[in-house]
Amino acid sequence: MRIERVRCAAFGSLSDFDTGSDALPGLVVVVGPNEAGKSTFFEVLVSLLYGFRPTSRDTHPYAPRAGGEIDIDACVTLDGGQAWHVHRRLLTAPQGHLERNGDQADLKNRPLPALSHVDRRVFRHVYALTLAELTALETETWNQIQDRLIGAMGARDLVPLRKAVESLEQEAGALWRPTRHGNQRIREVDARVLENLSRRQNALERDLELRRLTQEAATAATDLKAARERREHRRLALENARRLQPIRLHVQRIEELEKRAGPPEDLDGLPSAPGDRIAEARGACEELETRLATLNQDRIPPQALVDAYGEAQRGIVGVRDAVTRVVAAAAAMEPEWLRLGALEQEIQDLERRRQPLARELVTVPASQLDAETLLRLRTAEVRDRVRAFSRAREESERLEVRIAAGEQGRASSAMLAGGGVGLVGGLGLLAWGSFSGQGALVVAGAALLSAALGVMGHWWWMRRPDGRAARGEGEVGPSSDARNREREALDSIRTLLADLPIHEEILRDPTTDVASALVRLQELTGDLTARQTNIDDIRSRMTDLDVEARGLGDRLGVVLPPDTAGASQALDRALGQANEARREAEAAERELERLDRESVRWKADLEGNRERLCALEAVLRTLADGDLTAGLKEAETRIEARNRATQIMDELRRAHPDFDDVLVRIRKAEESGEDWTLDSDALVEAATELEELTERIEELGKRSVTLEHEVAQLERQPTIDQVDGEGVALQEELAWLRRSRDRTVVLARILREADRLFREEHQPDVIRRAGDYLERITGGRYDRLSGGEADIGAEFMLHGPDLPDPVTVDETTSTGTREQVYLALRLAIVDHLDRDQERLPLLLDEVFVNWDEARRTRGLDLVVEIARTRQVFLCTCHEAWAAELETQGARLVRL
Amino acid sequence: MRILHTADVHLDAAFTSHSDELRRKLRDASRTAFTRLVDHALSEQVDALVIAGDLFDGDRLSFQTERMLLGELGRLTATGIPVVYATGNHDPGRTGRRAMDLQWPEGVHVARDREPVTLVVQTPAGDNIGHIAAIGHAGPRESEDLSVLFPTPTGDLPRVATLHTQVNDAGGWQEHDAYAPSQLGSLEAAGYDYWALGHVHRRQELRGTPSIHYPGNLQGRNPSESGAKGAILADVKRGAAATVSFVSLAPIRWEDLPVRSLREAATLDDLVHQVLNAWESARADDGGDPGTEWIVRVDLRGATPLWQELRKEENQEHLRSELETLLRVLHVSLRVGEVHRPVDIAEHIQRMDVLGEALRLARSIRETPGKELPMEPGELIGIGSSDTLEEYVRDLLDGVEEEILARMLEAPGQDP
């Protein structure tokens, strides 16, 4: 492949870069000072051939700082003569186009199709040889260089194989190695496995020991239980002998006494002292009989009182309400009797006052005057009519007087005329006086005028109707009407008084005095009639009361005095006596009832006492075949026995608060057939055994505690399964470690084997080619290179016709020679990599700087020769070298 | 007839852990689960407790566990509830074995060998309500199909068969040794209404009618035995499917928590967050019973920028401890063996250098039968007696390409 033209619009420090329209030859010398852009130019070539990396403009290190896009355009001719036109741009994403044989292909960011045999990494690492890389040889061991050159074919992204293998072998050795020197993890775990096996054995033994101890503990517990039971048994026996036996004797005494007392039901109903009870009962009977006799005597007086309350008194008491009412009415009538006399006196006085008045007004005596008619008279109307009559008469009389004064009317005309003259004269004087200024005339005129006006005013008044009436003008008709009204009024008075025999002269000229007298007569008559009515009423009621009192007297057979008041008092006294008798009889009845109740109770008591006595005696008789005396004695004996038994029991309970429990134990002991009658030797023996048992129990208890403690301790220790768990974990770890170690060993072996295979395949060709190059460069001093075929670690050796022995290439070799060997190997690797493939351009950057003149000349000659078959870009800042190469057909490209 | 069906209690199983405390808790959890089993049998007033083998893990039953076991069974039988127990390969019944030696309480009916034991189950009033037959393992390596030895059932009462067996069609059967293997078809045809099976630790229903069930083990023992563990409560009817319900009893649960897609985790904090998310997501569907304690194995796999940090033991311990606190669980274990650098193997395997050669060689050995590394068996110390060198090496090479890349490539950042 030859790059014939490269244009670059912007790429790092390169801007509008163009190698020119003439096709670049096989050797291109890129001339420029340091930092002129030779590395940038190489990056342009890499990007042209393989695409952009990174693929983002934002992160691409060669993106133009001043903006703009990376744009590379190139013409390429392949080894077979095909001409390609390549155009790549880095926008937001890489773009690439390839034109070949008139066809357009979208490259995107892929490498050119002819480069598949050398990837980008290898091209970068192998096809560009720089001064910096040669300088680095000083710091790198030649073994590493050798590995990189041969094993990695120059690639610089690999850890040296030797280093990787050593690392793996160290790791494997840290896990396990055949010798026991140093720490080896697998052997450590092996030791822990052995330890675990020992622990497992211990756990097994512990488990057996645990079972044995548990069994022993169970036996000890059984023994302990048995000893405790035996001790309890003996303790009870001792207790029975020492404590329960005395109590038991008392209990036995109680049982004997209860036996003497007989069945309790035999003594049911018997008092504690039956003899006393019999005497007591008999005395009580006698006393009750005495009381009953006395009680019968006590009944006589009250019975007499009851009997004394007879029928007559019961009758009075039966009508006591009527008698009480009559007595009360009589008491109430007493003031009215006193008033009756006063009323009669008042009637006489009224009659005396009425008689003269009657004579004045009526034609009959007062006693004959019909009181009702008089009282019906409407005296107020009489008075009004009399007044109306008086007014009518006065009017009539006044009219008659006026008619008599009728002539006086004519004088009024003259009055008018005189008034008129006076008026004119007055006005004239007034006017003249005013005109002439004479005050006297004015005054006179005014006076005259006033007088005239007064006369004319009087005239005018006289001309009015009332004025005329006052003058009696036109009153002849009205006078007749007044007289008619006078008569009509008098007639109405007569009509009103028509039922009374009023004197005629009064009726002809009734006056208001007559009306007043009539009113007075009417009032007196009314008062008289009212008092008479009152007297009649009082007398009527007195009569009714007297009749009722006497009726009661007749009915009850009580003799009454003739007056009503006396009769009433007699009735009252009789009622009082009857009530007294009744109260006494009632009190006597209550006393009798009380006495009867007492009698009944005492009789019942008496009966009860007699029955109890009989019953007691009957019970007693049953105790001695009907003999009361013997029965009484038997009963007293039995009761005494029972009381004694009770007394002993009470004492036992006081002395032994747990007596019931004690009794139960006594009963149990009796039921168990224990020997209650331990003698002293037996007691000592039992006490001794008890002590021994106690010691035994204490011993067993301690042993049990010890065993429990030991069991608990063993149970806290790891069990077999726990130890096994750790054992399994260790085995698993061991297996994992072994596997890891083996895997590491296998991995190391693979790397070694890969290296061996790679060397077998590639190293001979590379070494041979490198030897050829080295011979050219050194002018035949070294004509062959060898080494490295067998295994890694084998060193490169230099051979030459003048060398007695091969020379090892190592750090002692001169820098120039090492660089020449290195360059020869790199050139050989390049040839090896693209043998039978497209030959890719080679970049050499100041690689001859450290060489002597002769070898540099030979080196440059070699480059010229290589450039015939592989395009070479030689970068240098040495113008002389550039000029020299230009003479050999190289194209200079200046940066 | 109501039965409580359990199996594979594995009392005194060796719980793998370097922590004494954790092993003790797991052992106690097995005992607690068994006590809960008895409590549940009592509270449900079952007619019988059926144990289908592997009641304990081996003859090295500790004295304490033995005492607990007999005490709990005695507590149950004292109430009149019988126990039918068929021995399994871990607790065989041959003379001299522990299952034979134990002083079983009255009411515990043990099937120790091929001789069927049949219990007529009765109500407290004495009415017969069903039959439970059982056959046990006499030795630890029973190879015959014991299911064919069960008597043919007769009568109208429901029948239960109890057996510790490897049914070859059961899920997860490859995880267990094929002791007393049986065929599902023969169990179906045997005429029993309910097969109470044991041996496979994963709970599963093999058939509905007749009902054939593995209850799984009572308490999980390792991360592969995750999920709720317990027993099956079954109402068995004659000629019809039993009504079954699972009863969760294990106080400790194992959880295998795989966490993939680690490329985004740039820091250990990111990684912790990712694990927390995975945990919460898992618990959203299955929160466990109240009071359940968890032992979690966090399995980190795949490419991660933290691949180097995760290889350091101190970082692993720090991460493990932090997760234990954040997840609020009893224990967290980490599996980080399969994390690797985020590189593309395909990109490197074609390289014309020793790295490409090594990758191609490793893949070739792993994938090409007969291709071997030039090694002697004596160079490798972990090879099992049953493995050939070729098989062992091939097994070791699982995931080795990532390891080669990790070891051969320079640290990130220097890559062009």
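What is the strand order in the open sheet of three strands in chain A, and is the pairing parallel or antiparallel? I looked this up first in the model, which is a predicted one. The order is β9-β10-β11, and the pairing is antiparallel.

**Entry: the three-stranded sheet**

I checked the edges next. β9 (784-786) and β11 (807-808) of chain A each have a single partner strand, so one side of each lacks a neighbour in the sheet. I then followed β10 (797-799) of chain A to its partner β11(A), and found an antiparallel pair with two bridges. Leu798(A) has Val807(A), in β11(A), as its bridge partner. I also asked what packs here. α23(A) does, with contacts to β9 and β10 of chain A. The direction of α23(A) makes about 145° with that of β9(A).

**Entry: the five-stranded sheet**

I turned to another open sheet in chain A. Its five strands run in the order β8-β12-β13-β3-β14, with parallel pairing. β8 (128-130) and β14 (891-894) of chain A are the edge strands, and each of them pairs on one side only. From one strand to the next I read an average twist of 20°.

I picked one pair to trace. β3 (27-31) and β13 (872-876) of chain A are joined in the parallel sense by five bridges. Within that pair, Val30(A) is opposite Cys875(A) of β13(A).

Which helices lie on this sheet? I noted α1 (38-50) of chain A, which touches β3, β8, β12 (842-845) and β13 of chain A. Its direction is at about 160° to that of β13(A). I also noted α24 (815-833) of chain A, which lies across β8 and β12 of chain A. α24(A) runs at about 170° to β8(A).

**Entry: chain A against chain B**

How much area do chain A and chain B bury between them? I read about 5100 Å², with 58% of it on carbon and sulfur atoms. In chain A, the residues that lose the most area to chain B are Arg211(A), Asp721(A) and Arg743(A). Together they make up 13% of what that side buries. The contact draws 61 residues from chain A and 55 residues from chain B.

I went on to the polar side of the interface. Nine salt bridges cross between chain A and chain B. I looked at one of them: Arg185(A) and Glu313(B) meet through their side chains at 3.2 Å, N to O. I also found 22 residue pairs in polar contact between the two chains.

Which elements of chain A supply at least two residues each to this side? I listed α2 (120-126), α5 (161-175), α6 (185-261), α22 (680-716) and α23 (720-778) of chain A. α23(A) gives the most, with 29 residues. By type, the side of chain A that touches chain B holds 26 nonpolar, eight polar and 27 charged residues.

**Entry: backbone checks**

Most peptide bonds are trans, and most residues other than glycine have a negative phi. I searched for exceptions. Arg53(A) and Pro54(A) are joined by a cis peptide bond, with omega about 0°. Pro54(A) sits in the loop between α1 and β4 (70-77) of chain A. In chain B, the bond from Thr209(B) to Pro210(B) is cis as well, with omega near -5°. I placed Pro210(B) in the loop between β11 (204-207) and β12 (211-214) of chain B. Asp8(B) has a positive phi, near 55°. It belongs to the loop between β1 (2-6) and α1 (20-44) of chain B.

How values were computed
Residues numbered from 1 in each chain as written. Chains lettered and ligands numbered in written order. Predicted model: local features only at pLDDT ≥ 70, side-chain atom pairs only at ≥ 80, totals over all residues. Heavy atoms only, no water. Contact = heavy atoms within 4.5 Å. Buried area = accessible area lost by both parts, 1.4 Å probe. Salt bridge = Lys/Arg side-chain N within 4 Å of Asp/Glu carboxyl O. Polar contact = N/O pair within 3.5 Å; in protein donor to acceptor, adjacent residues only side chain to side chain. Helix = DSSP H or I, 4+ residues; strand = E, 2+ residues; numbered from the N terminus. Nonpolar A, V, L, I, M, F, W, Y, C, P; charged D, E, K, R; others polar. Pairing = 2+ DSSP bridges. Axes fitted to C-alpha atoms, helices over the stretch in contact; angles between N-to-C directions.
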